Amino acid sequence: MDGTTQTLVTYELQGDIAVIGLNRPEKRNAISDRFVEALHVAATRARSEARAAVIYGVGDHFCAGLDLAEHKEKPLFEAIQGSRRWHAVFTEFERGEIPFISALHGAVVGGGFELAAATHIRVADESTFFGLPEGQRGIFVGGGGSVRVGRLIGAARMTDMMLTGRTVSPAQMEQWGGVSYVVPKGRALETAKELARAAASNAPLSNYAVLNALPRIAEMSVEDGLFTESVVSALTSETPEAKQRLRDFLEKRTARLKAPDAP
Ligand code: 1HE
């Protein structure tokens, strides 16, 4: 079903964090045109009222990718425009003001993987499997995957996934750098919320710099990157919030860092 009455994307503000649910479980959260617009609405709302956000899939899977039933009817030019709209909306997640953390389980395939790649931290539970079955469907990635997934896990691994159609386990994906956390089945959403709450407690301008300066610096020459870093660093230090946070540390009003729990 993708009728006019269904809430394709749910949204809930829980304190400082927005919790966004992909909510078309009967079609494994396949992304139709209306679904992309619902993602746009949720991202816009989260960016204006939350300090971090979590995205998860309702049902047994995170997301089965592009809605193939809708796609097969599309004329060429509409397919190009559709892909460009995915790019624009996913960029709202990737290069906005607040961090987005994806909680993954079940299928994270095709456009579902492209969506996860546009988020800033990926948490996968042990039921997760990753796939890029575009070749099997006779199409190509169109939701930014050739840019984001390729940069995330490396072009050779992406090429392998696309040519062979193989699925990849969360443990393997963690080794490849495609996910940052692998947690027991059913624990991804809670872990993602904990991480979102931690990120939400940072200074908003620091988070903004992480989301918008880091990926740009990664594309620069070493010299340009180092110069840009100095400018961004000095700018963030100038805010009253930074000055207050620095004072809080020096006057021993903030908790000290401690070593991570094993392992
Ligand atoms: C769909 C879609 C979909 C399921 N578009 N309808 N993506 C794919 O190639 C993945 C295709 N899907 C699957 O491999 C499987 O559905 C899953 C592994 C995700 C889940 O399997 P399962 O057994 O739980 O569900 P199912 O029985 O296969 O699907 C349930 C229903 O969802 C069924 O419809 P129904 O009317 O028969 O109940 C499916 O047809 C429907 N469904 N996935 C439309 N993707 C911007 S470019 C991005 C390019 C891509 O993303 S290509 C990869 C597309």
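How many buried residues are there among the 11 residues of helix H13? The count is zero, so to speak of H13 (residues 240–250) is to speak of a helix that is hardly covered. A residue counts as buried if 20 or more other C-beta atoms lie within 10 Å of its own, as exposed if 12 or fewer do, and as partly exposed in between; C-beta atoms are placed from the backbone. Just after H13, Lys 252 takes a positive phi of about 60 degrees.

This is a predicted model: local features need pLDDT of at least 70, side-chain atom pairs count only at pLDDT 80 or more, and totals for chains, interfaces and linings use all residues. Residues are numbered from 1 along each chain as its sequence is written.

**The whole chain**

The chain has 13 helices and eight strands. These are DSSP runs numbered from the N terminus: helices are H or I with at least four residues, strands E with at least two. The radius of gyration is 19 Å, close to the 18 Å of the globule rule for 263 residues, so the chain is as compact as a globular protein of that length. That radius is taken over C-alpha atoms, and the rule is 2.2 Å times the number of residues to the power 0.38. Of the 263 residues, 39% count as buried.

**The sheet**

Six strands form an open sheet in the order S1-S2-S3-S4-S6-S8, with mixed pairing. Two strands pair if DSSP finds at least two bridges between them. S1 (9–14) and S8 (181–183) stand at the edges with a single partner strand each, so one side of each has no neighbour in the sheet. S2 (residues 17–22) and S3 (residues 52–57) pair in the parallel sense over six bridges. Ala 18 has Ala 53 in S3 as its bridge partner.

Contact means C-beta atoms, placed from the backbone, within 7 Å. Angles run from 0 to 180 degrees between N-to-C directions; axes are lines fitted to C-alpha atoms, for helices over the stretch in contact.

| Helix | Strands | Angle |
|---|---|---|
| H1 (residues 33–49) | S1, S2, S3 | about 10 degrees to S1 |
| H9 (residues 188–200) | S2, S3, S4, S6, S8 | about 170 degrees with S3 |

**The core**

The largest nonpolar core holds 65 residues; Ala 53, Val 54, Val 123 and Ala 192 touch the most other members. Such a core is a set of buried Ala, Val, Leu, Ile, Met, Phe, Trp, Tyr and Cys residues joined through C-beta atoms within 7 Å. H1 gives the largest share, seven residues.

Key:
Two residues are in contact if their C-beta atoms, placed from the backbone, lie within 7 Å.
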